[in-house]
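Here's a quick tour of a protein chain for you to explore.

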Amino acid sequence: MLVLSQYYEEQYALDLIGGRAEGVGYLLKERVGDVESFVDAVTRVAGGGSALDPEVVGRMLGRRRRNSTLDRLSPRERDVLAAMAEGKSNHGIARGLLVSQAAVEKHVTSIFHKLELDPGQTEHRRVLAVLAYLRDAPNAEGDRTRVI
C-alpha cells in the first residue's frame, strides 16, 4: 500500500507503518513529479519494501528528543538510518551518500549494535531500527534537536 498525501501527517505515517514496514509507503503528492523517485518508491513497495517521503523522514528526525538511543549514532549513521527509513536498500544508500556499499554495510552493522538490536532476534533488525528512528518524538517539554 502506497499512500500519497498532500500534507505531512506524522501520525498517519506511523499508523501506516505500525509494527511492520514491509509493503507500505507514505509519500507527499509533490513527489509524483519526480518520476524516477516515484517509480523507485512504487517498485520498492510492490517488492515488499517500504518508502517514506524524505520530507516526512526529515521532519520526524527534527523532532527527536534529547538523550535518546539515537544520540548514540554518529551523524553519518543517522544519515544512513534516515535513508533506511526512506526504504532505500544498501545499494541505494551508497549511491545517495556517495560512499561504497561496504561502508554502508559497516554503518548499518554499527547502527544495529548501538541500538542493541541482537542478530539472534526473530524480528527484522532493519525494520526495528527504522521504527526506533521514527518513534523518537519530542519530550514532554517539546524539546527539539535538529540533526540534519
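Predicted model: local features only at pLDDT ≥ 70, side-chain atom pairs only at ≥ 80, totals over all residues.

Residues are numbered from 1 along each chain as its sequence is written, and side-chain values use heavy atoms, with hydrogens and water left out.

**The whole chain**

- You'll find 7 helices and 3 strands here; helices (H or I, at least four residues) and strands (E, at least two) are DSSP runs, numbered from the N terminus.
- Starting at the N terminus, the order of elements is β-α-β-α-β-α-α-α-α-α.
- The chain has 148 residues, and 39% of them count as buried. Buried means under 20% relative accessible area, exposed means over 50%, and partly exposed is in between (1.4 Å probe, protein chains only).
- Take the contacts with a separation of 6 or more: 66% of them come from residues 24 or more positions apart. Contact means heavy atoms within 4.5 Å.

**Strand S1 and Ser 5**

- Ser 5 sits in strand S1, which covers residues 2-5.
- With a relative accessible area of 13%, Ser 5 is buried.
- Leaving out residues up to four places away in sequence, Ser 5 touches Tyr 26, Leu 27, Leu 28 and Lys 29.

- H4 (residues 75-85) is mostly covered, with 8 of its 11 residues buried.
- Those buried residues are Glu 77, Arg 78, Val 80, Leu 81, Ala 82, Ala 83, Met 84 and Ala 85.
- After H4 comes Gly 87, with a positive phi near 95°.
- H4 packs with H7 at an angle of about 105°, and their axes are 9 Å apart. Axes are lines fitted to C-alpha atoms, for helices over the stretch in contact, and angles run from 0 to 180 degrees between N-to-C directions.
- The two helices, H4 and H7, are therefore roughly perpendicular. The rule is that angles under 35 degrees count as roughly parallel, over 145 as roughly antiparallel, 65 to 115 as roughly perpendicular and the rest as oblique.
- On the H4 side, Leu 81, Ala 82, Met 84 and Ala 85 make the contact, while H7 brings in Arg 126, Ala 129, Val 130, Tyr 133 and Leu 134.
- Sorted by class, the contact of H4 with H7 has 8 nonpolar, no polar and 1 charged residues. Ala, Val, Leu, Ile, Met, Phe, Trp, Tyr, Cys and Pro count as nonpolar, Asp, Glu, Lys and Arg as charged, and the others, Gly among them, as polar.
- Leu 128 is also found in H7, and Leu 128 is partly exposed, at 25% relative accessible area.
- Leu 128 and Ala 21 are 107 residues apart in sequence, yet their C-alpha atoms are 9.1 Å apart in space.

**Helices H5 and H6**

- The axes of H5 (residues 90-97) and H6 (residues 101-114) come within 8 Å and cross at roughly 110°.
- That angle makes H5 roughly perpendicular to H6.
- Asn 90, His 91, Ile 93 and Ala 94 of H5 meet Gln 101, Val 104, Glu 105 and Val 108 of H6.
- By class, this contact of H5 with H6 has 4 nonpolar, 3 polar and 1 charged residues.

- Most residues other than glycine have a negative phi.
- Leu 98 isn't a glycine, but its phi is positive, near 60°.
- Leu 98 lies in the loop between H5 and H6 and is exposed, at 76% relative accessible area.
- Glu 116 also isn't a glycine, and it has a positive phi of about 60°.
- You'll see Glu 116 in the loop between H6 and H7 (125-135), where Glu 116 counts as exposed at 59% relative accessibility.
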